[in-house]
Structure formats: C-alpha cells, structure tokens
Amino acid sequence: VQDLKVSELALSPRRGGPKNLPIAEAFVDEDDSEENRALRDKPRLVVLGTGWGSVALLKHLNPGDYNVTVISPSNHFLFTPMLPSATVGTLELRSLVEPVRAVVRRVRGHFLKAMAEDVCFSEKLIEVSAIGANGEKQHFYVPYDKLVLGVGSVTNPHGVKGLEYCHTLKDISDARLIRNAVIRNCETACLPTTTDEERRRLLSFVVCGGGPTGVEFAAELYDMLNEDLPKYYPKLLRNEISVHVLQSRSHILNTYDEALSQYAESRFAHDSVDVLTNSRVKEIQQDKILFTQKDDQGKVVTKEIPMGFCLWSTGVSQTDFSKRLAAKLDGQNNKHALETDTHLRLVGAPLGDVYAIGDCATVQNNVSDHIVSFLRTLAWERGKDPEKMHISYADWRSVAKRVKQRFPQASDHLRRLDKLFSQYDKDKSGTLDFGELRELLMQIDSKLTSLPATAQRAHQQGQYLGRKFNKIAQAAPGMQLNQMDYGDLDEVAYKPFNYKHLGSLAYVGNAAIFDIGGVGFSGGLLAVYLWRSVYFAQGVSFRTRCLLAMDWSKRALFGRDLMNF
Ligand code: FAD
C-alpha cells in the first residue's frame, strides 16, 4: 500500500469511509519549508480530470490559496479541436498534448494518475483507484473540503449493436488507433491476395454522426486520401475509395446556421463524400453497417454499406462515475449530465462542497419557474386569476424586461421565448392563456436545459470557478472553509455563471465554416488559414504552438506521414 505514495500525498495510518480504505493525505517532511506547512493547512481542493474545464480552473487559481490535488487517468491536457487532424497525420499526436504536471505545479498542487470511482459526500472522501507498483488496482480515499468534478463524457452508444467494430475519437490514443487502422487498410488493399470486392470494402470508410467531430474527421480523411494516397499507393484507384457520412437528422452540422450546414453538404458533394441524411444506424457488423433510411414517400427502408473502417461519433453521454454520483443524490433528474445550480454547485450535494463543470455537467434550468412567477405577480397586480389570465404580447414584453433585470443569465431563454411567442401570435395582437405559455416554456426548456458540450463552455466554467475560488479564499483569509459557518458564500462572493457563446467553427476539407454571433461565413483556403490561426492562438503553450507550426510546414513540404507503428 505504501507504493501508492505519490508526490507529497501519502497514505496516513488512518482508514475510513464506508469501505474502510486507507486515506491519502498531504505529507510534509520534518525539514519542509514554512510555506509548504502553511499550504497544508489551507482548504483541500480536489479537482477530478485534466480536460478543458479542470485545466482552465487550475490556470486561473491563485497559487497558495488552496491545498490542491488533481486526480486524473490522463497526465496530459488534450487540445481536442485539432484531434481529427491527428488521425491522418496532418498533425503529430504529441503536438496536441501538454503535460499537466506543469499546470499543477503552478498552484503548488499534487497530481495523482488515478481514477475517481465514487464519492462519499457525508465524509468528504473520494474513492480513488490506481494501478500500483505491483501492477494491481489499489483503492484508497482522498479527502476534500472542496471538490470539482471535471470528468468529461463518453461517446454515446445509443444502444446500437456491434460498436466493438467501430473506432471512437475522444482521446489521443483513439487518434493513434485510427491512424494505424486507416494505413493498415490501405496496405492490405494493395496485397496481391486481396480480391477487388475486398479492396473496395477495405477502402470504404464510414463515419456515423454528422456533428462537428464526424464532419471534421471525414474532411481530414478525404484530404489525406486525395492528396497523399496517390503518391504512396498508386495502385489504389480513386474510384475504389469511398467516404460515407451517416446522419440521423436531415442535415449535417445541424447545430450550425442552416446556410453553413448546406455549404458543408455542397462541399462534401463536390468532393464525392457520400452524405446520407435521415439515416439511422441499426446494427454494425464486422464488414458492414445496416441502417434505416426514409425514402421519398416517407417509407422506412433498411440499407447496408460494406465497410473496412467505421468511426462512431454520435454525441456524448455520462461516464459510469457520473452515473454513480447522480444515482445517490436527490434532485438529479437529467439522464445526460450531472445537474448544477447557476453557481455550478452539484445539486443534492452539501452546499458549497462539490462543483461540476464541462461535459459532465449541465446547469439546472429554473428560468421557466421565474417567468411563471413573474406572470403570476402581473396577474395579481391586475386583480386577475393567473390561471385564467390571457397574456398579450405587450404583457409578455413587460414580464420579459423584469425577468431580464433580475436574472441576466435568462437572456437566451427570453430571446427564444420571444421568438416562439411572436411565431405563435403573428400579428402580436392576440393573447395566450397560461396553459399555452407553459407549453412554450416546456419547448424551450427541452432545448436549453443542456448548454452545448463544448471546450468553449468547459473552459468558461473552469475560468469562472477559478476566479470564484480566489474570491472565496480572500473572503475567508486564513480560515478553513470546512470549519467555517459561512452560509451561502458562493452567492455573496461571486455572480452566477453566465455562458457566452463566442461562436463555432468547423473544417470541411480545404474549406472552413464560421458561425460567430449568429453570423455565418464560409470559404476556401483563406478561411482555412483563419481557422488555423484561431486554434493556433488558442494553443495551450508556446511549445504546442511551435509544434503545430512545424507540423503544418512539414506537411506542406513533404506531405503526410503514412506509416503505422
Ligand atoms: P474533457 O476535456 O473530456 O476531460 C475530462 C477529463 O476527465 C480527462 O482528463 C479524463 O481523463 C478525466 N476523467 C475521466 N473520468 C475520470 C474519473 N473517473 N476520475 C478522474 N478523472 C477522470 N469543442 C469545441 O468547443 N470546439 C471544437 O472544435 C471541438 N472539437 C472537438 C473534437 C473532438 C474530436 C472531440 C472529442 C471533442 C471536441 N470538442 C470541441 C468538445 C470538447 O473537447 C469537450 O467539450 C471538452 O473536452 C469538455 O471538457 P471537459 O473538461 O468537460 O472534459
């Protein structure tokens, strides 16, 4: 058990928690500095995960205010937006990752390459597992005063059979496996023993999911097959190679502006990437994909595509760890993510102890309740029964104004309701009754309960928590938060979280599309350079920026590296 001693955390003689496991606690040497000793007495802040949310938090946290421990199975931060480029060798895998220990060191924290398994909220203990020196999985507890869950998500299986024949694209190791599989297929296709039919199947690449990841992967793959394959594999004929994108909705990139999604479709049509919309995957077999598609008469027909490679990229769902926590907390009703309040505190956990950010979390939406209560107030002001009141567009506008003043975070909600209200009541002279309005609110709720699962949101939430924790530390100088009776310190110390959507971009094969502030634009090479510059500027460090620049230059001079190891 002593082998688990990591950094300055060591297993104390104490055992505890519901499983009576050993407890890992901060360990200070006899001859340690005064500063280190002081740090040990600070509130214990434990951060789970080293993705976008957690790293943004760590980067914004003032060093020395908390005794920080970061626990994650990955000791690197991955710049996911560029991951599709690494699957075909446009970029090298190591150019997209940054060692996380440097970020942890800045806040004088400890890092454990381990996995959180469960949390005992009443005793403030996280059950952690790690592979010990003897190669076996060992379990222990890590205590916390404040805990941040930034454990991300997993690919959504949608209950489809045969996913073991597919690749997913979430982590750097997935990109390596994909790169090897694509090259392996090309090599096998060139063997004299491979029949024509087998060759066509091996070179049939299918992407299930027409969201940004699926589309960007298909675009990168197409570029590689078109630009580098003829050079390395002259024997393979272009008409034997096919790329298919299966999308269950009527358009690919359906969260983008409609014109942009059409641009992407026309770009793919021009590049002979086969986009199959309204197509739902039924089953995946080792050598083919079965899917249903609606024909022109609306009849559902089952079709199949032979395939040599399949990427499953159909949205995200909760990790087992998040599911385990949701199951034991009151008020967690969302199947897709852990619910938090607008201060990002985990619903159902003791107030101010546990926060959740990024893909694993969703902000609980009670804006509709506020709207309804403002409407009730309006009815009472007029001496009317709210349930029987008819609400005109002018009434709605005055309520919207009041809600917005009180809850700035509701503006997105209000904008959507306004749009729906005016569609419902086109000449703006009619009225809606309470029931109809509730119906509209429900429609909006189902759209707004989850903010997008993007790096942008995770980053903003991490940044928000980092700044808030700094404020909280200042509000309680020298005091241990776990011993302090501070009431709702979050509410007092900092404003609620408000997501600002800065825009979306996507690479669509020697072209890029931008959806910024509701204004969409797209284009060829210039847009691609702009797309690259945006990500280059966002690069994690000077090191990764240099590596990215070197990869792009290498590819321009020598083409992609099509070797598998
Ligand atoms: P993640 O970044 O997924 O990090 C989760 C962390 O938790 C990881 O370090 C993981 O190892 C760790 N972890 C998991 N389980 C445990 C556990 N039990 N205990 C401890 N640690 C755990 N978003 C955009 O905004 N723009 C894009 O262009 C874009 N492109 C993308 C392309 C691809 C290929 C992918 C996969 C995603 C893309 N995204 C993009 C989405 C974006 O990457 C995610 O929304 C973002 O990574 C979420 O950040 P996060 O911090 O919540 O989780």
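In which helix does Arg199 lie? Arg199 lies in helix H6, which spans residues 196-202. The structure is a predicted model, in which local features need pLDDT of at least 70 and side-chain atom pairs count only at pLDDT 80 or more, while totals for chains, interfaces and linings use all residues. Residues are numbered from 1 along each chain as its sequence is written, and side-chain values use heavy atoms, with hydrogens and water left out. Helices (H or I, at least four residues) and strands (E, at least two) are DSSP runs numbered from the N terminus.

**Arg199**

- Arg199 has a relative accessible area of 11%, so it counts as buried (under 20%, where exposed is over 50% and partly exposed is in between, with a 1.4 Å probe and protein chains only).
- The side chains of Arg199 and Asp196 make a polar contact at 2.7 Å.
- A polar contact is a pair of N or O atoms within 3.5 Å; within protein, one must be able to donate a hydrogen and the other to accept it, and residues adjacent in sequence count only if both atoms are side-chain atoms.
- Apart from neighbours within four places in sequence, Arg199 is in contact (heavy atoms within 4.5 Å) with Ala189, Thr194, Lys235, Leu236 and Glu240.

**Second largest pocket**

- A pocket is an open set of points on a 1 Å grid over the protein atoms alone, with protein on both sides within 12 Å along at least five of seven lines; lining residues have an atom within 4 Å of a point.
- The second largest pocket holds about 450 Å³ of space, a volume being the space filled by probe spheres set on the points, which are joined across faces, edges and corners.
- Its lining has 17 residues, and Leu93, Arg94, Val97, Ile172 and Arg176 lie nearest the centre.
- Helix H5 (172-189) and strand E6 (97-99) each supply at least two lining residues, with H5 giving the largest share, four.
- This pocket lies between domain 1 (2-153 + 318-363 + 454-493) and domain 2 (163-315), because both give residues to its lining; the domain bounds come from an automatic or database domain assignment.

**Cavities**

- The whole structure has two cavities of 30 Å³ or more, a cavity being a set of grid points where a 1.4 Å probe fits but cannot get out.
- The largest cavity holds about 60 Å³ of space.
- Residues lining the largest cavity include Ser85, Glu220, Tyr507, Trp531 and Arg560.
- Helices H7 (212-227), H17 (525-538) and H18 (542-558) each give two or more residues to this lining, and H17 has the largest share, three.
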